[in-house]
Structures are given as C-alpha cells and as structure tokens.
Amino acid sequence: GDIEETTICDVATMIASFVIFDCDIHLDGPIHIRWGVTTAKETLQVAAWAAAAIDANTDLLLANQYYPMAGPCTEMCLLETAAQALVDTASGRELLSGVASSKGTVQDKTTPMEARIMGEASMAACGMSIPEINAIVDRIVSRYEGNYLNPPAGKRFQDCYDVDNLVPSDEYLEVYENTLRILSECGIDF
C-alpha cells in the first residue's frame, strides 16, 4: 500500500508488540522497500505518523532504528541521520536508537559521530512546531535523496577515527562542521 496503509500496519505492529509480547518499549524502524533505509522521505512519514498516533493516544514507549544509506564520514550520512532525529523527536519517540550507517550492512561502518548528530538534531528540534520541522526535513531530504542510486560509501571506523584515543579524524570533524553549516542553512538553530 501507500504511506497511509503502511502507517496503519506500523501502528498495529506497535500495539501488538505491547499486547502480545508484554514488552516495555517498542523499537521500530520502517524500512523503505526499495532503498532499504529508514531515512527516505516515505519512511520518515510513516515513522512520524505512527509515532505521533501512538504518542497522542497511549503512554507506550517508542524507539526507532536508524539505517542511513551513506557511510560514515560523509555529509549525506549525517544529513540522513539529522532528518530522522528531527522527525522522531517531533513525533514523540522517547528513545532514538543508534545509527547503523551504510544501511547496517557493512562491517565497521558505524561511528559515534552519527550518534552525535542524532543528539544535536534532536535537541535542536525541541520546542519547534511540526510545520517548522516538516519544512526543515523537506529541505534536508532534498539535499540527499538524489544520491540514492550512488550513495557515498564513506569510511570504516578505523579509517576515520583514532582508534587508540577514540577521537574522530580531522577529516571527519571537517565533514561534521560542514554538515552543521548545511543544517543551519536548512533552518536548524544549533
């Protein structure tokens, strides 16, 4: 089905996880059937609508998975993560789960910098209106969705981090700062 039907299925899955399995929290993450990511415009819409519906009508705790298409140490990966963090925060999710860059399918393609942008974007979303968030997310998504057919592979953890001291490389810090500038241009006030 379309976005609406998928959202209904997602809400039903959330409710079922609490009723059938007596869980304490539901870790969700609608994944795009073609792209295999949680950061496509359509999956962001499903995630937002489903979480907002549950949040408005229950006291259930919700979380979300992050599967950006691009690899670490790329602006695209950080933009994808920021877009999803804005959506998740604005729609009432209580927990933002870790980021599995490169769709979570490539070994060593996760770093703390993705979690950092997730946290910064989430904090920036606090107090913003839904129309404001929607406009910002539209601008962010338009910056990366054209790269779905050829996303940047990024770098492995050990290639963009000092593994002895667990700090990001100068290159990754530069990519991060450039991404913050782009996000500011899109309307996020850090």
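Where is the place of Ser129?

## Ser129 and the basis of the model

Ser129 has its place in the loop between α4 and α5, where helices (H or I, at least four residues) and strands (E, at least two) are DSSP runs numbered from the N terminus. Ser129 is partly exposed, with a relative accessible area of 34%; buried means under 20% relative accessible area, exposed over 50%, and partly exposed in between (1.4 Å probe, protein chains only). Along the chain Ser129 and Gln65 are 64 residues apart, and their C-alpha atoms are separated by 23 Å.

The structure is a predicted model, in which local features need pLDDT of at least 70 and side-chain atom pairs count only at pLDDT 80 or more, while totals for chains, interfaces and linings use all residues. Residues are numbered from 1 along each chain as its sequence is written, and side-chain values use heavy atoms, with hydrogens and water left out.

## Helix α7

Helix α7 covers residues 170-186, and its 17 residues should span 24 Å at 1.5 Å a residue, which agrees with end C-alpha atoms that are 24 Å apart; the expected span of a helix is 1.5 Å times one less than its number of residues. The buried residues of α7 are Tyr172, Val175, Tyr176, Thr179, Leu180, Ile182, Leu183 and Cys186. Seen down the axis of α7, these buried residues fall within an arc of 165°, so they line one face of the helix, the arc being that of the directions from the helix axis to the C-beta atoms. An α-helix has 3.6 residues a turn, so residues three or four places apart point the same way.

The face of α7 turned away from its buried side carries the exposed residues Asp170, Glu174 and Glu185. What covers the buried residues of α7 includes α3 (75-90), α4 (112-125) and α5 (130-144), together with α6 (157-160), β4 (161-162) and β5 (167-168), where contact means heavy atoms within 4.5 Å. Just after α7, Gly187 takes a positive phi of about 120°.

## Helix α2

Helix α2 has 17 residues and reaches 25 Å from its first C-alpha to its last, close to the 24 Å expected at 1.5 Å a residue. Among the residues buried in α2 are Thr43, Leu44, Val46 and Ala47, and also Ala48, Ala50, Ala51 and Ile54. The cover over the buried residues of α2 includes α1 (3-21), β2 (61-66), α3 and α5.

## Nonpolar cores

A nonpolar core is a set of buried Ala, Val, Leu, Ile, Met, Phe, Trp, Tyr and Cys residues joined through side-chain atoms within 4.5 Å. The largest nonpolar core has 45 residues, of which Leu86, Val137, Ile140, Tyr144 and Tyr172 touch the most other members. At least two residues of this core come from each of α2, α3, β3 (95-99), α4, α5, α6 and α7, and α3 gives the most, with 9 residues. A second, separate core of 8 residues includes Val11, Met14, Ala50 and Leu60.

Not counting residues up to four places away in sequence, Tyr172 touches Pro72, Cys73, Thr74, Leu78, Thr111, Met113, Glu114, Cys160 and Tyr161. Cys73 lies in the loop between β2 and α3 and is buried, with a relative accessible area of 8%. Cys73 also has a positive phi of about 70°, although it is not a glycine.

## Aromatic rings

The structure holds 3 aromatic pairs. Rings of Phe, Tyr and Trp (its six-membered ring) pair if their centres lie within 6.5 Å, and planes under 30 degrees apart count as stacked, over 60 as edge-to-face and the rest as tilted. The rings of Trp35 and Tyr148 have centres 5.0 Å apart and planes at 45°, so this pair is tilted. The pair links distant parts of the chain, since Trp35 is in the loop between β1 (25-28) and α2 (41-57) and Tyr148 is in the loop between α5 and α6, 113 residues apart.

Trp35 and Tyr148 are buried. For Phe157 and Tyr161, the ring centres are 4.9 Å apart and the planes stand at 20°, so the pair is stacked. Ring pairs also link Trp35, Tyr144 and Tyr148 into a cluster.
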